[in-house]
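Welcome! Please take a look at the sequence and the structure below, and then let us walk through a few parts together.

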Amino acid sequence: MKEQLEKIEALAKQELDSCTEIKALDDLRIKYLGKKGELTAILKQMGKLSAEERPVIGQLANKVRADIEEALKSKLDSLKADAQAAKIKEESIDITLPGKYAPFGKLHPLTKVENEIREIFLGLGFEIADGPEIDDDYHVFEALNLPPDHPARDTQDTFYIDGTDETVLLRTQTSSVQVHVMENQKPPIRIISPGRVFRSDAVDATHSPLFHQIEGLVVDKGITMSDLKGTLEMLMKKLYGNDCKLRFRPHHFPFTEPSCEVDISCFNCGGKGCSMCKDEGYIELLGAGMVHPKVLENCGIDSNVYSGFAFGLGLERMVMGRYDINDLRLLYENDVRFLEQF
Amino acid sequence: MNLSMKWLNDYVKADMPIKDYCHALTMSGSKVEGYEIEGKEISNVVVGKLLSVVPHENSDHLVVCQVEVGKEAPIQIVTGASNVNAGDIVPVALDGSTLPGGIKIKKGKLRGVESNGMLCSLGELGLDKRDFPYAIEDGIFIMQENCEIGQDIKSAIGLDDTSVEFEITSNRPDCLSVIGLARETAATYNLPLNVKAPEFKGVDGDVNDFLKVDIINTEKCQRYCAGIVKNVKIEPSPRWMRERLRASGVRPINNFVDITNYVMLEYGQPMHAFDLRFVEGSHINVRNAVNGEKIMTLDGVERELTDDMLVIADEKKPVAVAGIMGGEYSGIMDDTATVVFESAYFEPTQVRRTSKKLGLKSDASSRYEKGVDRLISMTCLKRAFELVELLGAGEVVNTVIDCDYTDKTPASVDFSADWINSFLGTDIPEADMIEYLSRLDFKVENGKVIAPSFRIDIECKADIAEEVARIYGYNNIPSTDFRGVAKAEYTKEQKFIRTLRNAAVALGGYEIATYSFVSPKYFDKIKLPQDSKLRKTVKIVNPLGEDTSVMRTSTIPSMLDVLSFNYNNRNEKACLFEIAKEYLPTDEEKPFEGGSILANSNKEKHRYAYSLPDEPQNITIGMYGGDADFYTLKGMIEQLLDEMNISGVEYVRAGDCEVFDEKYALHPGRSAVILKDGVHIGIMGEVHPEVQETYEIGVKTYVAKLNIAEMMSCAAEKITYKPLPKFPATTRDLSLICDDETPVAELEKAIKGAVGKILEKVTLFDVYKGKQIEAGKKSVSYSISMRSHEGTLTDEQADGAMKRVLKALSAIGAELRG
């Protein structure tokens, strides 16, 4: 009987070894361990054994059962693992096929750069101010120290509105918002004002009758020209990286005194001089200055108590510099193939 | 302003490298646009003397010259020119030399005879007869200049100047002159400035025997200086003067005209020289013109004058428009014998207004209208006479006329070094400031800064701070980080627009930017009726063209233009949006903005003379191609509105709408107005086939426009959380048959009303017309989800609700599909 048990175990293991399907394992379990299985059949003969033999054989039979069960389980695990591996192998896909897109649009590049600038200034405590695009001569010129007959008006190329005796016009600069803000708000004032401006320039690669400016204005006690420099340097480092250098050049604007133009080290050559910067090493970026005392006074602010600075930058120029766009017209043609690049 | 560096060196020793010079002047406030080195293409060309000229042994049109060029031995040059003789002084291009146009000269053999260079003509040096009137055009330039053999040709013929182009800002007309820029140069480099007072000897005579001058309007003409040159000799001016005028961009004409231009360039003071013969009565009156008075100006145009214009007149007629241009006969002619020189000060606004009104500009007017030094007239008259004598151009009468009504009080401003430092954020010692200012001819006395008379721009303390800052160097001013705190956030509107814009992108929209002005032709292009309010526009008086001549009253045509552009550029599909303004004329009185009093003082605000237009802001959406149809657009709008917390919106047919005239651009059966509680949020729909054709778009196109202010007024301010359901929902599906005409919105409304509180969601899942459905009818299928927050719904509750639903639907003609 002992031999029989050992034979069953050996046979079972042999059959298990050659088994390759999970389903066949069940058949084997029934064949050997089932109620009508071979092991059970042998155990049924236990009664015929002597009292001495019975516990020995019983122990052996239990061991054989346990061994077969163990072998069945390990075979099952191994077959499952094989099946899983085969399935995974079979499910392998071409990961270089394109992804599936949900519809998603793009912001216009002008908006993207404007948003960046807004966020920087918001972080510095600047509010965003708006003003009318169609405004009057007073807010666009006169209050900004450009009285009638001022020679600097020649350079403004203003569009005038019909039927208003040239008193209502399309604003030529966002500086008009300075006046609106100072008329209606007490210092401390910290604002930027992005928006559309209009000048009668014919369309070409670098000119457009409509473009965008971002005006900045700070009015408070003790504002200095070094504050202006620090603010603009911080802005440009955030926008163009810590390596960029600014150059402040004296200039003239009627609404600031002292006035300056600010140049940035050339994006292309970094300041050495190249064809892009006409060998200057710098590219003109924006105009700025200390708010002219007359402008403060025109808005009812005491220039002996308060001082301020203002700046105005051209958004198109910054966008074109940022993305290496060489033709301004692309920004207003709105070709989808252009828009999807940003 | 083009500056001759040679001329500049008369007044200040500016021998630094030109690039450094340009940079330094730019950084001290006189911006350099560029510079031009004369003769920079010419190298290794020298003055030579022909020692002998003999015929070429192998040619009958070539000659062989031995040329002395300042070296140990003469060199041999073969030339084809026929105008050369032994003893001639000529320009010689040596072996390895360069000439204008990139020409290089190398030695070689001409018909077997060695030639070590080339003799040059005027043209080969980039010159012409105007530069050297004695030379011939088609032959070697036989020089009559005072020069040495072997000397570089550029210095020998004065081609060694450098012209620097300055961009002078409108506040600094004093820098539109050589002396003005010399002063800036001296101040920038801290060099001495040498300007001598001009002197002339003159011949005895009384100027009053020749001319009488009266200023009638002493406010507009504050000074008039005049003098007489008799026995004049009109001829070309000398080479040095011609060269300097040329380097300054002025064409030489004759000695008298050249002198007036020379003094103007040197001092910035316009001068006028005219023939005494044509001054009737030998009497000059500076007076206002009489209305209708006429003058033929030097440019050959007859101009009618008005009484707000100032003229220089003789006893009968105007001879010049003051400060702008002389009359036809006032110029210098070949037979002029006696010349009157005028040097005057005219009030800038007067000149500017007259110039603008007549549409007439000149070098003189552009200087007068910016403002010349009001105290310099006599100095310049003397300078002109000094030059007349230097050139031997005539005899100057040694007495002059000076009618002087100028106010000689200098501009002065309080000086405080502390204030300047606190304004600039610097720590510049007072003594340094005073030194900087003195370099610019300012004086500091008794706590005041006294401005020189040529500085017409000095009015306040900040002006002095700028003078100090630019000499100190803007780039030496420290940079400080922003101090203090301020509270700032986006306004409600700015936040709303930010969310809207991002939502539009998330829904697949590409943002566009279009012009605010459009062509009035768009009215017809979008089929607006003649009486449409959108045809009432804000018009531009001076547009660039008809295309951009009116401010748009609708953003939809701009969108259609861009869609058309994309379609015609073969872009298969487009889904675009723009957040931008429309401009609507208004009759409303809008005299003040906000209150009528300034926030920072008790003064009254500026009052608007005309009401400004309204500038409502919209989001405009447009699409074609891909799966674009009415419902794609509607879905996008519904999702946008949902994101903006706007719910309970109705879509009604656009046809009856009085608010949006863009409805005429849309398909009447496929367009809708978006309403919420009577507020007209926007309009949407398929573009009318005719309009689509007009815009040359070959596929169905969809547009919408939503008013942002109206959207904001409809948006829920607050979102309140609803507890998640504890009990399961019960769903019933329903297929109905109703008239094709019945809008599904009506069915939904009936369902919602009938189910009541337990309704969770009504979902339309099918609309069917066709086989098995009677003509004129449609089948509509809904899934109705119901749920109670008090417990699981029983079948009785659900069935009861469905019975109510069927009853309500039956009342509007919808029956359960059998």
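## A helix in chain B

Let us begin with helix H20 of chain B, residues 795–811, in this predicted model. H20(B) has 17 residues and reaches 24 Å from its first C-alpha to its last, close to the 24 Å expected at 1.5 Å a residue.

Which residues of H20(B) are buried? They include B:Ala801, B:Val805 and B:Leu809. These residues lie on the same side of H20(B) because they cover an arc of only 75° around the axis. The buried residues pack against three elements of chain B: strand E37 (730–739), helix H19 (744–755) and strand E39 (777–786).

## The other face, and what follows

Turned away from the buried side of H20(B) is a face with the exposed residues B:Asp795, B:Glu796, B:Lys803, B:Lys807 and B:Ala811. Just after the helix, B:Gly813 takes a positive phi of about 85°.

## A three-stranded sheet

Chain B also has an open sheet of three strands, in the order E1-E11-E2, with antiparallel pairing. At its edges are strand E1 (2–4) and strand E2 (31–37), each pairing on one side only. Neighbouring strands are turned by 25° against each other on average, direction ignored.

E1(B) and strand E11 (residues 162–167) pair over three bridges. In E11(B), B:Glu165 is the bridge partner of B:Asn2.

## Where the chains meet

How many residues does each chain bring to the contact? Chain B gives 86 residues and chain A gives 77. On the side of chain B, the largest share, six residues, comes from helix H12 (residues 461–472). By class, that side has 42 nonpolar, 26 polar and 18 charged residues.

Terms used: Residues are numbered from 1 along each chain as its sequence is written. Chains are lettered from A and ligands numbered from 1 in the order in which they are written. This is a predicted model: local features need pLDDT of at least 70, side-chain atom pairs count only at pLDDT 80 or more; totals for chains, interfaces and linings use all residues. Two strands pair if DSSP finds at least two bridges between them. Helices (H or I, at least four residues) and strands (E, at least two) are DSSP runs, numbered from the N terminus. Axes are lines fitted to C-alpha atoms, for helices over the stretch in contact, and angles run from 0 to 180 degrees between N-to-C directions. Two residues are in contact if their C-beta atoms, placed from the backbone, lie within 7 Å. Ala, Val, Leu, Ile, Met, Phe, Trp, Tyr, Cys and Pro count as nonpolar, Asp, Glu, Lys and Arg as charged, and the others, Gly among them, as polar. The expected span of a helix is 1.5 Å times one less than its number of residues. A residue is buried if 20 or more other C-beta atoms lie within 10 Å of its own, exposed if 12 or fewer, and partly exposed in between; C-beta atoms are placed from the backbone. The arc is that of the directions from the helix axis to the C-beta atoms.
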